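Here is a short report on one protein chain. Please look over the sequence and the coordinates before reading on.

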Amino acid sequence: MSWEQGAVLSMLLVLVIALVVTKIKPAWLFAGIAFIAYQSNLLSLPELAGNFTNSSLLTLVLLILISIALEKTRLISWVGLQISQGSHSKVVTKLGLSTAILSSLTNNTAVVVSLIGAVKRNQRHAPSKLLLPLSYAAILGGTLTLIGTSTNLIVNSFVENAGLPSLGFFAPSGIGLAVLVVGLFVLIPLSYSLPTYDDDHDDSLPYFLEATVASHSQLIGKSVTDNGLRALRRLFLAEIIREGRTIAPVCPDTELVANDRLLFCGDIDSVTTLQEIHGLELFGQHHLNGQSMLEMVVSHSGHLCGKTLKQTDFRERFDGVVVAIRRGHERLAGGLGNIRLEAGDTLVIVPGKTFFTNRA
């Protein structure tokens with residue numbers, strides 16, 4: 001072994017140890033190793049610069065950016081809604097195929113992260129029986145195309161560096177498709193043996209959410225049960241406000257009419273569940289464009305204490321909309337805009353562009 005090979009192995013060993021035992025950002029560690037290699041004449045400047053213009057690396061970065069953009073759209077939620085219907089075997093099949101297709105075109109890790117939320121919101125099947133099939137389907141789908149996984153791109157870069165023609169986009173598709181089919185045939189029956197864990201009965205504090213039945217909604221004229229509003233996991237329909245009159249408790253056969261305001265108690269993750277119900281407009285839904293939500297607590301000395309959201313002109317004043325309110329384990333009543341806020345109330349807010357400036 002030459003001293004150059006020994007030096008490279010030593011640097012790789014130091015890099016791995018540093019990645020495991022230190023909290024230094026990986027980017028700094030890799031940059032430091034590259035700098036040491038350059039200063040030691042183990043790596044020339046053209047070789048170092050060439051890695052930054054490697055087509056496979058650039059493709060991988062673009063795929064990550066595309067995956068981030070997809071997370072901000074309703075596509076993932078729509079896919080999650082479509083695959084949640086049917087028997088367990090049909091759901092696993094649809095989940096596997098859709099995940100594999102998405103994973104073959106974008107970063108598979110990002111696909112899994114994006115679909116986890118949709119799987120957890122599945123109202124008919126326990127997420128514990130779907131999460132492992134989701135993960136394996138993403139791995140199998142990555143073998144379908146050249147850009148399906150970073151491993152394929154790295155191999156392609158080695159091929160190009162060897163002076164050989166670049167691999168085609170569908171070069172691994174033949175083997176990948178066979179592996180995917182066999183994998184799904186294995187995943188579907190094995191998924192039945194996965195444990196059933198459900199968190200319907202957890203002790204998390206309930207949030208208070210409001211949604212309105214749109215005038216053109218397909219929910220109109222159907223009962224609460226027929227619309228599936230009694231079978232929502234981690235979400236309970238507490239009351240209906242109809243033309244100023246409160247209907248509580250809500251009977252399963254209560255028919256919905258246009259402009260009914262439905263008041264739910266449940267987990268904050270249920271915000272997305274309500275968004276996916278066609279014909280139901282979540283309070284402040286036009287503000288929900290994929291941005292993150294914030295939790296804020298009403299202070300004892302704050303000017304919000306003792307007032308309703310309408311009285312404070314919260315939306316206009318702060319450029320933010322409150323989509324949920326929590327007050328311990330207490331079940332609130334009335335619309336969100338009419339609840340008199342108390343110290344300690346937790347508000348879930350979708351901030352606008354000037355929200356943080358207006359707070360100051």
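**Basis**

This is a predicted model: local features need pLDDT of at least 70, side-chain atom pairs count only at pLDDT 80 or more, and totals for chains, interfaces and linings use all residues. Residues are numbered from 1 along each chain as its sequence is written, and side-chain values use heavy atoms, with hydrogens and water left out.

**Whole chain**

The protein has 14 helices and eight strands. Both kinds of element are DSSP runs, numbered from the N terminus: helices are H or I runs of at least four residues, strands are E runs of at least two. Of its 360 residues, 42% count as buried. Buried means under 20% relative accessible area, exposed means over 50%, and partly exposed lies in between (1.4 Å probe, protein chains only).

The accessible surface comes to about 19800 Å². Carbon and sulfur atoms hold 63% of that surface. Areas come from the Shrake-Rupley method with a 1.4 Å probe, and for residues only the protein chains shown count as cover.

Contact means heavy atoms within 4.5 Å. Among contacts with a separation of 6 or more, 73% link residues 24 or more positions apart.

Strand E4 spans residues 261-266. Five of its six residues are buried, so E4 is largely enclosed by the rest of the structure. Two strands pair if DSSP finds at least two bridges between them. E1 and E4 run antiparallel and are joined by six bridges. Here Leu209 stands opposite Phe264 in E4. E2 and E4 also run antiparallel, again with six bridges. In this pairing Ile240 stands opposite Leu262 in E4. In a regular strand the side chains alternate between the two faces of the sheet.

**Loops around these strands**

Asn227 sits in the loop between E1 (207-213) and E2 (235-242). Is Asn227 buried or exposed? It is buried, because its relative accessible area is 15%. Its side chain reaches the backbone oxygen of Lys222 at 3.4 Å. That is a polar contact: a pair of N or O atoms within 3.5 Å, where within protein one must be able to donate a hydrogen and the other to accept it, and residues adjacent in sequence count only if both atoms are side-chain atoms. Beyond neighbours within four places in sequence, Asn227 is in contact with Gln218, Leu219, Lys222 and Leu256.

Ala258 lies in the loop between E3 (245-247) and E4. Leaving out residues up to four places away in sequence, Ala258 touches Val213, Ala214, Ser215 and Ile220. The C-alpha atoms of Ala258 and Gly279 are separated by 9.7 Å, with the two residues 21 apart along the chain.

Pro249 is also placed in the loop between E3 and E4. The peptide bond from Ala248 to Pro249 is cis, with omega near -5°.

Glu243 is found in the loop between E2 and E3. It has a positive phi of about 55° although it is not a glycine.

**Further along the chain**

Asp313 occupies the loop between helix H12 (309-312) and helix H13 (314-318). Its phi is positive, about 50°, although Asp313 is not a glycine. Glu330 is in the loop between strand E7 (320-326) and strand E8 (346-351). Its C-alpha atom is separated by 9.8 Å from that of Cys265, which is 65 residues away along the chain.

| Residue | Relative accessible area | Class |
|---|---|---|
| Ala258 | 32% | partly exposed |
| Glu243 | 82% | exposed |
| Asp313 | 44% | partly exposed |
| Glu330 | 43% | partly exposed |

**A nonpolar surface patch**

Which residues make the nonpolar surface patch of about 680 Å²? They are Leu13, Val16, Ile17, Leu19, Val20, Val21 and Phe30. Patches are made of residues with over 30% relative accessible area and no salt bridge; like charges are joined within 9 Å, and nonpolar side chains (Val, Leu, Ile, Met, Phe, Trp, Tyr) within 5 Å. A salt bridge is a side-chain nitrogen of Lys or Arg within 4 Å of a carboxyl oxygen of Asp or Glu.

Helix H1 (residues 3-21) gives the largest share of the patch, six residues. Ile17 lies in this helix. Ile17 counts as partly exposed because its relative accessibility is 43%.
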